[in-house]
Every structure is written in structure tokens, then in C-alpha cells.
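Let's take a walk through this model together, starting from the whole chain and ending at a single side chain. Keep the viewer open and follow along as you read.

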Amino acid sequence: MAWIGAKAPAGCIFCEAVSTDDDRGRFVVARSVHAFLLLNAFPYTPGHLMAAVKRHVGAVTDARIDELADAMALVQRAIIALRAEYRPDGYNIGINQGRAAGAGIEDHLHIHVVPRWNGDSNFLPVVGEVRVLPETLERTWERVRSRLGA
């Protein structure tokens, strides 16, 4: 198994992802009018996705209703695709708004969709700051994108 490591880009990862046609390189699995869906480059579990609004806004209160609706529609599509491809036992779905709430990227609104399985927690992420994934991000992108029909 290869070691996965990545450097964060200098700018906003979401703005960079939405402004390019390189969906595979940016791990974008689906696009809609006001939002897009992409893999988390540092996933908690395989299939960890994020639905982000296209416009660069950082708070739920700054987003328009159509942007929020579009992002939530992508969350629904993500769950349908993850259910079919990975068969998780549950999902963590959420928005971390602000550094105090755990936001790694504070200035671009995004919704996490994290598939979960019974017994999937272990000590490595907590003690060693290491995540063990059974497949590469490229393989996850292929699997999820094919389920989304993109």
C-alpha cells in the first residue's frame, strides 16, 4: 500500500477545484449548477466526500438558498452512491463552521459526508495522527464517480 501524502495548495482548494476541468486531478466526482462534490484529500474513511458551494462564501448565512439546496442535493446523491458502492452502516454529515467548530477550511462553505461502518474506529488517527485506507484516492474517485453516473 502506498503512503498517501499531499500538500495543501496556496489558495482555496474549493475555488481551485471548481475552476478547472481536471476533475480526476482535483477529485471532483460531480458538478451541479451551484455546487460540486469532491473527495476529501485527507479522508477519515474511504469515500469521505464534501459538497461545496461554487461561490466563495464561508458561512451558511452568506450562502443563497439555491446554493444550499444544490449542495444538499449532492449530499443525497453522495449517500446513494456510497450506499451502492461501499455499503456503510451509517454516515456522518455535517458542516464545521469556524475554527472553534473544527473547520480546516473556514472561508469556503462545504458539507462533509463521511461513510461509517460498525467498529471502524481505531487508535491510529487519535494517537499516531495516521489514517489507514484500503484503497487509493484515485480508486475511490473511480468508484464513486461511476456510481454517480458522471
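Accessible areas here come from the Shrake-Rupley method with a 1.4 Å probe. On that basis, the accessible surface of the protein chain in this predicted model comes to about 8400 Å², and 54% of it belongs to carbon and sulfur atoms. Of the 150 residues in the chain, 39% are buried. Among contacts with a separation of 6 or more, 63% are between residues 24 or more positions apart.

Now for the elements themselves. The protein chain has 5 helices and 5 strands. Read from the N terminus, they follow the order α-α-β-β-β-α-β-β-α-α.

All 5 strands form an open sheet, ordered β1-β2-β3-β5-β4, with antiparallel pairing. Its edge strands are β1 and β4, each of which pairs on one side only. On average, neighbouring strands of this sheet are turned by 20° against each other, direction ignored.

Let's follow some of these pairings across the sheet. β2 and β3 run antiparallel and share 5 bridges; in this pair, Leu37 has Ala51 in β3 as its bridge partner. Moving on, 4 bridges join β3 to β5, again in the antiparallel sense, and here Ala52 stands opposite His110 in β5. Then come β4 and β5, which are antiparallel and joined by 5 bridges. Gly90 is bridged to Arg116 of β5. How many residues of β5 are buried? The count is 6 of its 7 residues, so to speak a mostly covered strand by the buried cut-off of under 20% relative accessible area.

Next, look at the helices that lie across this sheet. α3 lies across β1, β2, β3, β4 and β5, and runs at about 15° to β5. α5 lies across β1, β2 and β3, at about 25° to β1.

α3 deserves a longer look. This helix covers residues 65-86, which makes 22 residues. From its first C-alpha to its last it reaches 31 Å, close to the 32 Å expected at 1.5 Å a residue. Its buried residues include Ala71, Leu74, Val75, Ala78 and Leu82. An α-helix has 3.6 residues a turn, so residues three or four places apart point the same way. That is a handy pattern to keep in mind when reading the rest of the buried set, which also contains Glu67, Asp70, Ile79, Ala81, Glu85 and Tyr86. What covers the buried residues of α3? The cover includes the strands β1 (28-31), β2 (35-39), β3 (49-53), β4 (90-94) and β5 (110-116), together with the helix α5 (137-148). After α3 comes Arg87, with a positive phi near 55°.

To finish, zoom in on one residue of this helix. Glu85 lies in α3. Why does Glu85 count as buried? Its relative accessibility is 16%, and the cut-off for buried is under 20%. Leaving aside neighbours within four places in sequence, Glu85 is in contact with Arg143 and Arg147. With Arg147, the side chain of Glu85 makes a polar contact of 2.5 Å.

Definitions and conventions
Residues are numbered from 1 along each chain as its sequence is written. This is a predicted model: local features need pLDDT of at least 70, side-chain atom pairs count only at pLDDT 80 or more; totals for chains, interfaces and linings use all residues. Side-chain values use heavy atoms; hydrogens and water are left out. Helices (H or I, at least four residues) and strands (E, at least two) are DSSP runs, numbered from the N terminus. The expected span of a helix is 1.5 Å times one less than its number of residues. Buried means under 20% relative accessible area, exposed over 50%, partly exposed in between (1.4 Å probe, protein chains only). Contact means heavy atoms within 4.5 Å. Two strands pair if DSSP finds at least two bridges between them. Axes are lines fitted to C-alpha atoms, for helices over the stretch in contact, and angles run from 0 to 180 degrees between N-to-C directions. A polar contact is a pair of N or O atoms within 3.5 Å; within protein, one must be able to donate a hydrogen and the other to accept it, and residues adjacent in sequence count only if both atoms are side-chain atoms.
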